[in-house]
Amino acid sequence: MSAAPPPEHKLRQWAYLHLRRPERWEDDIETLGYAQDRDEAETVANALAYLRGEDPPLSFPSKSLGVAVLYAHWIEERFGTPLLASLDDPELFWGSDRHFRPYSDARALYDAILAGAPQLPSSRGAPPASASLRKTLGYFLEEFSA
């Protein structure tokens, strides 16, 4: 019996990363500079502010967790993979985000973020009002439309 093929979103992501990915992102954090969240409360607060479209200061791991929640939401919306399954995928970002932690490694943080999260924007229809959420959606669409 042969193994099941990878999910469609993983095939699209692989194609993007191996065939179309830019050498350097326009908003590379090493160029922009960033802060580290001081504690878990600040991580949750900053991630929630990002998800509300408030454009908080660039800090990690809150930005990574917020982006992971959005990607997992959009993957569920477009491909049917449950949100928590995507959040627990250690290859959600294929190693491109050193601050990302899968759900099973940061359960309390994700649970607090998900409990306080606003209605997450759709990947279809009108783009989010927030510039940073629009940029994240643009990256997602570029990556998963391959």
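The paragraphs below go through salt bridges in this structure. The model is predicted, so local features need pLDDT of at least 70 and side-chain atom pairs count only at pLDDT 80 or more, while totals for chains, interfaces and linings use all residues. Residues are numbered from 1 along each chain as its sequence is written, and side-chain values use heavy atoms, with hydrogens and water left out.

Side chains of opposite charge can pair when their charged atoms come close. A salt bridge here is a side-chain nitrogen of Lys or Arg within 4 Å of a carboxyl oxygen of Asp or Glu. By this rule the model has four salt bridges.

One of them joins Glu-8 to Arg-12, with N and O 2.6 Å apart. Both residues lie in helix α1 (residues 8-20); they are four residues apart, which means a separation of about one helical turn. Helices are DSSP runs of H or I with at least four residues, numbered from the N terminus. Glu-8 is partly exposed at 43% relative accessibility, and Arg-12 is partly exposed at 26%. Buried means under 20% relative accessible area, exposed over 50%, and partly exposed in between (1.4 Å probe, protein chains only).

Helix α1 also contributes Lys-10. Lys-10 pairs with Asp-89, and their closest N and O atoms are 2.7 Å apart. This pair links distant parts of the chain, as Asp-89 sits 79 residues away in the loop between α5 (83-87) and α6 (107-116). Lys-10 is buried, with a relative accessible area of 15%, and Asp-89 is buried at 19%.

Another salt bridge connects Arg-52 and Glu-54 at 2.7 Å, N to O. Arg-52 is partly exposed at 42%, and Glu-54 is partly exposed at 47%.

Key:
Helix = DSSP H or I, 4+ residues; strand = E, 2+ residues; numbered from the N terminus.
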